[in-house]
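This report covers strands, sheets, helix packing, domains and the chain contact. Please read it beside the model below.

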Amino acid sequence: MTIAAGSPLVAELRHCLGREGVLSSPSDLVVYECDGYTIEKARPDVVVFPRSTQEVAEVVRLCNRHKVSVVPRGAGTSLAGGCLPIGGGAVVMLTRMKRILQIDLRNRLALVEAGVLNLQLTRALAGTGYHFAPDPSSQGASTIGGNVATNAGGPHTLKYGVTVNHVLGLEAVLGDGSIVQLGPVPDPAGLDLIGVLVGSEGTLAIVTKVWVRLTPDPQDYRTMRAIFATVDDATNAVSDIIGAGVIPAAMELMDRGIVAAVEAAYHFGFPLDAEAIVVIELDGLRAGLDEQQQRIGQICRKWHAREVLQAATAKERELLWKCRKMAVGAVGRLSPSYCIQDGVVPRTRLPHILRRIAEIGRRHGVRIVNVAHAGDGNVHPILLFDERDKEQVARAVTAGNELLEECIRAGGSVTAEHGIGVEKIALMDRLFAAADLAAMVRVRRAMNPHNRLNPGKVLPTG
Amino acid sequence: MMDDPYPPLPLTDVLEPADQTAVAELVERAHRDGTPVYPISGGTNLHYGLPPAEPGLGLSLAGLDRVVDYPARDLTITVEAGLTIAALAKRLAGEGQRLPVDVAHPERATVGGIVATCPVGPRHYRWGTIRDYVIGLSAVDGSGAGFSGGGRVVKNAAGYDLCRLVTGSLGTLGVITQVTLMVKPLPETSALLACDLSDFDAAEKLLAALVHTQVLPSAIELLAGPAWKEDSLLGPLAESASLRLVVGLEGTLAEVEWMLARLQEEWRQAGAAAMVRLRGLRADPLFQRLAEFPFDAEGGNGASGLVAQIHVLPGSVVGVVRSLLEIDPAASILAHAGGGVIHARLHLNPEKTPAVIDGRLRPNLASAGGSMVVLRQPEGALLSRQTVWGPPRPSHAAMQAIKDQFDPKGILNRGRFVFTPKDR
């Protein structure tokens, strides 16, 4: 339902949050009409900035009274349109709730408001002997609340898991405006609502606080770069390393296309003639690292790696990681526009899916470069095009859909970590049987019966 | 009525369907008639929850015990719910892999059973619970409709996490028929290091010091009470000691040797004494005994007192153990001190049990931000839903709404969990 700027709801919101807590003029609202998924846009009716959980609850109650939808938003880095205010409604910004409330090492947890940036938390923990494990590439901008909404991943999920493995508790505002606390002490007397809320993309509740699990810092690291002649060799090496029972903290693959972009942008000295480069990081007890590193070297050489270079200093380690973390940012060198996809297959199918992606790109005449969290079977194909050319855009969209369908066919999923948002709603009935979607709809019906919490996301049925 | 083959379930019949379709048909019929359905697998944990008041149908999952798919290089395995934990472990060990979740009576306990009840054992401190390993699941809901969640991949952000929703729900949202699990490599070796502690202050001192240890404990266990005074593997507790701290370590040979030496040194510097080391195969029986503690009947004669599972923040563990021993000086306690989960075997006067639980234990725990559930009631006790599970949580309405969607007539494990049976 669309509301006018001078409507009673806007007045009530101003009364609740103060004038500076509410934006309603068209020139202000336009900023919030899309997120990291820039292909689709929708204008919200109002944007609000609560500063406390009570204010979030009051906003939800006021919007309910006026039957207006509520769209929670953190930093808006969603790559799937998770913050798109479809049909208008009130965008609820969590960014003013950005305090780290507690760091409790004895209990190995921290309590943060949802608007705390991932990197902000990491910096606050530096030197304590503990860190927050989930480090998605967006961590410089994304909020913990946003990480929770998408069950964010990143390069270290191979060893440390995803966001849900590091959430001990949540404070959230439910669709009816009530406030609940779940955790931080586990509670078997009931359903795992924490497990349901993490990854629910703001469609079941608005998370206002998060109790995060803290992970002890590793004693030491070994970071390596292996250079392969073919993508197949690289992915087979990754598969064999896991098959040998070695679980590195991260195994990140970059293909020739993306390395060219990185070199053009940053001149790190990476070879331009390698079809695939894999950055591998081991971490843990010093007593075990050498053995594991030797094993990895053996396996890489078995797959014809022409070089396995180890970072000798902390600075060299940082450089290897910089190359990987800034890879996507360098894509602008290759193309005026791009779309970064997120697909996942069982890890041993990684060679297959990368071959299929190359074939799909060739067939549609779309240039595709790849980074991948190789150890997890999670690929990020980056499709390059010029958005001013409608025909190129159409080919890129078709190629993108086809590669996701290929992921499904290979036994995987259409998203490992970015979420469904609006971008992939059309694929949900390809991925899940009707009965399975029906089960998810039942969960939403129970917690969001009027479908006013972030409507039009995740589930295809209205 | 049958002759109680599965006490305490009042079963009119026990049926054993051969596959998921048969399970669905069975549940659909029961839904039409409004007959309660009580899923049964290994029968190792039937005393968890309230004993059902209404007779109903026993639904055995024993016929669904296949390994469906095991692509070992993917580190995932898909199995039917009735497969025993021991059979699963054997299959995985053949590929140098394991599911690092401690389970009591693994030769009878099944995958479906532990997903439904989510047990806590010593290794959950480092490796998590079964909740962290279920990446795919199929079940039949209370109307007889089959549904699946997750898939075959370790990272999956598509839709709601139905796997986590169903895990630990005591079969009240669906009868689990198939599970896809993430697995881990088998560590090369393991070890346990133990030391005797003179008092609670010494215990808290060592536990607090472990926050900054250089080793990576798999388990941190605080043992108290008669069950541990004379342990065949650890030896008798020292005269001056009342508590024992046991730390489990796993990894490569080099890592474990290093950790044993390092931890001993850290403890020596903290003034701890009487250390016992168990390595490799000698450590396994103790890990297993720690997993089975909540299920061991005292003296092996079948009758048991109250078994409680308490959840608090790790920093509150020592204080809670102290207060438990004040309530029952003869209590035997196993505190998984790293994760804050305490298993306690208490002997209370049966008539006074509800008052002690609701009037003393729970308020104490609540003020420390914790809670408890009853794992097993004393023989002959008839504890209420509130006493077994605690008062309804603020999120109860949301949970009940989900329950009503998945089991509209409330037939699945009717009356046993936190949901009040409604009139059908």
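A:Asp104 has A:Leu109 of E6(A) as its bridge partner. This is a predicted model: local features need pLDDT of at least 70, side-chain atom pairs count only at pLDDT 80 or more, and totals for chains, interfaces and linings use all residues. Residues are numbered from 1 along each chain as its sequence is written, while chains are lettered from A and ligands numbered from 1 in the order in which they are written.

**Sheets of chain A**

Strand E5 (residues 100-104) and strand E6 (residues 109-113) of chain A run antiparallel and are joined by four bridges. Helices (H or I, at least four residues) and strands (E, at least two) are DSSP runs, numbered from the N terminus. Two strands pair if DSSP finds at least two bridges between them. The hairpin of E5(A) and E6(A) has four residues between the strands. There, A:Arg108 takes a positive phi near 55 degrees.

What is the strand order of the open sheet with five strands? In chain A it is E5-E6-E10-E8-E9, with antiparallel pairing. E5 and E9 of chain A are the edge strands, each pairing on one side only. On average, neighbouring strands of this sheet are turned by 15 degrees against each other, direction ignored. Axes are lines fitted to C-alpha atoms, for helices over the stretch in contact, and angles run from 0 to 180 degrees between N-to-C directions.

Another open sheet of chain A has four strands in the order E1-E2-E4-E3. Its pairing is mixed. Strand E1 (22-23) and strand E3 (70-73) of chain A are its edge strands; each pairs on one side only. Strand E4 (residues 90-93) of chain A runs parallel to E3(A), and four bridges join them. A:Val71 has A:Val91 in E4(A) as its bridge partner. Helix H3 (residues 53-65) of chain A packs on the sheet and touches strand E2 (46-48), E3 and E4 of chain A. The direction of H3 makes about 175 degrees with that of E4(A). Contact between two residues is defined by C-beta atoms, placed from the backbone, that lie within 7 Å.

| Pair | Axis separation | Angle |
|---|---|---|
| H8(A) and H12(A) | 8 Å apart | about 155 degrees |
| H12(A) and H13(A) | within 10 Å | roughly 155 degrees |

H8(A) is therefore roughly antiparallel to H12(A). The cut-offs are under 35 degrees for roughly parallel, over 145 for roughly antiparallel, 65 to 115 for roughly perpendicular, and oblique for the rest. H8(A) and H12(A) cross in a right-handed way. A crossing is right-handed if the near helix is turned clockwise from the far one by less than a right angle, and left-handed if anticlockwise. In H8(A), A:Val231, A:Asp232, A:Thr235, A:Asn236, A:Val238 and A:Ser239 meet A:Leu350, A:Pro351 and A:Leu354 in H12(A). The contact residues divide into five nonpolar, three polar and one charged. Ala, Val, Leu, Ile, Met, Phe, Trp, Tyr, Cys and Pro count as nonpolar, Asp, Glu, Lys and Arg as charged, and the others, Gly among them, as polar.

H12(A) and H13(A) are therefore also roughly antiparallel to each other. Their crossing is right-handed. H12(A) contributes residues including A:Ile353, A:Arg356 and A:His364, and H13(A) residues including A:Arg395, A:Glu402 and A:Cys407. The contact of H12(A) with H13(A) has six nonpolar, three polar and four charged residues.

**Domains**

Chain A is assigned domain 1 (8-93), domain 2 (100-216), domain 3 (218-334) and domain 4 (335-429). Such bounds come from an automatic or database domain assignment. The C-alpha centres of domain 2 and domain 4 of chain A are 28 Å apart. Nine residues from domain 2 of chain A and nine residues from domain 4 of chain A form their contact.

Chain B is assigned domain 1 (1-186 + 384-419), domain 2 (189-291) and domain 3 (299-383). The C-alpha centres of domain 1 and domain 2 of chain B lie 33 Å apart. Nine residues from domain 1 of chain B and ten residues from domain 2 of chain B make the contact.

**Contact between the chains**

How many residues does each chain supply to the contact? Chain A gives 71 residues and chain B gives 66 residues. H15(A) provides the largest share of the side of chain A that touches chain B, ten residues. By class, that side of chain A has 34 nonpolar, 26 polar and eleven charged residues.
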